[in-house]
Amino acid sequence: MILLISSLAKAQECAQALQEATAETVQVGATLSEAVAQLQAHEFSAVVLDQLLLDAEPDDAETIFKHIGTAVPVFSNFAISGIERVSRELRSALYRRQRELRMARDEAEQTLRSELKQTITALLLSCELALDVPNLPLFAETKMRAVDALAKEMRTKLGATA
């Protein structure tokens with residue numbers, strides 16, 4: 001969902017065009033206080049802000065930025081920018097956001113994978129050392145072999161060569 005913050009009369013027309021351009025629902029906030037209420041109530045992928053409204057109410061603009069969350073802000077001067085330009089800027093911002101989210105997700109996955117590889121390596125080593133203990137009871141040996149097999153299965157699933 002996208003939040004459009006503008007008090008101009010053509011805000012609804014712009015919201016409709018943005019909705020068609022992005023295939024996302026667009027909510028309109030005519031004032032900054034309305035926008036803050038929307039931001040507190042919903043999660044948005046982007047917030048399109050009319051620069052004129054921000055300049056007119058700079059103190060309230062700070063409140064917007066405190067509540068914007070993970071939404072990508074798109075600043076535009078609706079008095080001089082056409083709807084097509086705002087649509088292009090929004091699509092570009094949403095594309096950047098998706099790319100950044102994908103990169104962050106990939107990095108988090110790689111970090112987790114690396115941490116798990118280290119843990120699995122330690123687990124496998126501990127199993128080997130425990131299985132080498134002389135006079136290990138059969139029940140304990142069976143359990144250690146099961147743990148060793150599970151750790152090897154996890155290693156395979158992670159694509160690890162630990």
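**Figure 1. Contacts of Leu158 in the predicted model.** In this predicted model, Leu158 touches Arg113, Leu116, Lys117 and Ile120, leaving aside its neighbours within four places in sequence. Leu158 belongs to helix H6, which covers residues 138-158. Its relative accessibility is 17%, so Leu158 counts as buried, the cut-off being under 20%. Arg113 stands 45 residues away from Leu158 along the chain, yet the C-alpha atoms of the two are separated by 6.7 Å. Ile120, one of the contacts of Leu158, is itself among the buried residues of helix H5.

**Figure 2. Helix H5 and what covers it.** Helix H5 takes in residues 83-131, 49 residues in total. From the first C-alpha to the last, H5 reaches 71 Å, close to the 72 Å expected at 1.5 Å a residue. The buried residues of H5 include Ile83, Val86, Ser87, Leu90, Ala93, Leu94 and Arg97. Further along H5, Ile120, Leu124, Cys127 and Leu131 are buried too. Among the elements that cover these buried residues are strand S1 (2-5), helix H1 (11-22) and strand S3 (46-50). Strand S4 and helix H6 also take part in this cover.

**Figure 3. The four-stranded sheet.** The sheet is open and has 4 strands in the order S2-S1-S3-S4, with parallel pairing. Strand S2 (26-29) and S4 are at the edges; each has a single partner strand, so one side of each is left without a neighbour in the sheet. From one strand to the next, the twist averages 20°. Strands of a sheet pair through backbone hydrogen bonds, in either a parallel or an antiparallel manner. Between S1 and S2 there are 4 bridges in the parallel sense. Leu3 has Gln27 of S2 as its bridge partner.

**Figure 4. Helices packed on the sheet.** Helix H2 (residues 32-41) lies across S1, S2 and S3 and runs at about 170° to S1. H5 also packs on the sheet, where it touches S1, S3 and S4. The direction of H5 makes about 160° with that of S4.

Figure 5. Ser76 lies in strand S4, which spans residues 72-76. With a relative accessible area of 4%, Ser76 is buried. Neighbours within four places in sequence aside, Ser76 is in contact with Leu49, Asp50, Gln51, Ser81, Val86 and Glu89. One of these contacts of Ser76, Val86, is listed among the buried residues of H5.

**Figure 6. The aromatic pair Phe65 and Phe75.** The model has 1 aromatic pair. The ring centres of Phe65 and Phe75 are 6.0 Å apart and the ring planes stand at 50°, so the pair is tilted. Phe65 is in helix H4 (residues 58-67) and Phe75 is in strand S4, so the pair ties together parts that are 10 residues apart in sequence. Phe65 is partly exposed, at a relative accessible area of 33%. Phe75 is likewise partly exposed, and its relative accessibility is 39%.

**Figure 7. Cys14 and Cys127.** The count of disulfides in the model is 0. Cys14 has a relative accessible area of 3% and is buried. Cys127 is buried as well, with a relative accessible area of 1%, and is one of the buried residues of H5.

Terms used:
Residues numbered from 1 in each chain as written. Predicted model: local features only at pLDDT ≥ 70, side-chain atom pairs only at ≥ 80, totals over all residues. Heavy atoms only, no water. Phe/Tyr/Trp six-rings, centres within 6.5 Å; stacked < 30°, edge-to-face > 60°. Helix = DSSP H or I, 4+ residues; strand = E, 2+ residues; numbered from the N terminus. Buried < 20%, exposed > 50% of the residue type's maximum accessible area, 1.4 Å probe, protein only. Contact = heavy atoms within 4.5 Å. Expected span 1.5 Å × (residues − 1). Disulfide = S-S within 2.5 Å. Pairing = 2+ DSSP bridges. Axes fitted to C-alpha atoms, helices over the stretch in contact; angles between N-to-C directions.
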